[in-house]
Amino acid sequence: MGQAIRGLVLCVVLGVSTSACAPKEKQHDAFLQVDAPFQDFVSNFEQASSEEGQALVINDLVVAFGTTPNLNETGVCEYAENETPRITINQRIWNTLNDYDKQEVMFHELGHCVLKRLHQNGEMMAYNGTVRVAASIMYPYSISGTIYHEKNVHYHEELFDAPKK
């Protein structure tokens with residue numbers, strides 16, 4: 001029995017020393033670079049989060065024009081553990097959008113990159129039950145800027161109150 005106790009003590013000591021010596025995952029340094037055309041939209045997102053009781057401060061994000069994987073994609077969020085999230089916006093499409101369309105795109109992509117939200121496929125009835133519209137700003141397809149503007153209270157509540165899925 002004495003050998004069993006010594007073996008247990010040895011395992012515990014080795015286990016502790018092994019875990020104490022194991023390399024720790026390096027955390028990356030926060031980095032913020034939001035190009036000028038997107039700064040107001042990021043500020044609006046922080047303001048909307050505050051109004052919904054979440055008061056986010058974005059300090060680790062890159063937003064810039066660039067090439068999206070699909071030429072018909074307005075924007076894309078890319079993130080990985082221990083890396084600064086990046087939103088890439090297709091300038092050709094962006095330049096054709098009105099301000100409501102632009103805010104919808106930015107809030108959608110910030111939903112991915114900041115809130116880690118996934119796409120939501122649900123729809124709801126609007127306009128006195130005559131039209132089906134996206135129930136979430138995280139809908140996988142663009143929401144018309146007009147609909148987004150008219151339903152932004154709903155979309156902001158859903159965006160900031162919904163659990164991550």
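1. First, the ground rules. This is a predicted model, where local features need pLDDT of at least 70 and side-chain atom pairs count only at pLDDT 80 or more, while totals for chains, interfaces and linings use all residues. Residues are numbered from 1 along each chain as its sequence is written, and side-chain values use heavy atoms, with hydrogens and water left out.

2. Now the overall layout. The chain has 6 helices and 6 strands, and from the N terminus on they run α-β-α-β-β-β-α-α-β-β-α-α. Helices here are DSSP runs of H or I with at least four residues, strands are runs of E with at least two, and both are numbered from the N terminus. Of the 165 residues, 36% count as buried; buried means under 20% relative accessible area, exposed means over 50%, and partly exposed is in between (1.4 Å probe, protein chains only).

3. Take a look at helix α6, residues 152-161. Y155, H156, E158, L159 and F160 are its buried residues, and they pack against α2 (36-51), α4, β5 (123-126), β6 (131-134) and α5 (145-150). Contact means heavy atoms within 4.5 Å.

4. F45, A48 and S49 of α2 meet H156, L159 and F160 of α6. By class, the residues of this contact are 4 nonpolar, 2 polar and no charged. Ala, Val, Leu, Ile, Met, Phe, Trp, Tyr, Cys and Pro count as nonpolar, Asp, Glu, Lys and Arg as charged, and the others, Gly among them, as polar.

5. The largest pocket holds about 240 Å³ of space, and of its 13 lining residues, G75, H108, E109, P140 and S142 are the closest to the centre. Helix α4 (residues 99-113) gives the most to this lining, with 5 residues. The lining has 4 nonpolar, 6 polar and 3 charged residues. A pocket is an open set of points on a 1 Å grid over the protein atoms alone, where a 1.4 Å probe fits, with protein on both sides within 12 Å along at least five of seven lines; lining residues have an atom within 4 Å of a point. Grid points are joined across faces, edges and corners, and a volume is the space filled by probe spheres set on the points.

6. The second largest pocket has about 170 Å³ of space. Its lining includes V57, Y79, C113 and K116, and divides into 7 nonpolar, 1 polar and 4 charged residues.

7. Most residues other than glycine have a negative phi. K116 has a positive phi of about 60° although it is not a glycine, and its place is in the loop between α4 and β5. N128 likewise has a positive phi of about 60° without being a glycine, and lies in the loop between β5 and β6. K116 is partly exposed at 30% relative accessibility, whereas N128 is exposed at 82%.
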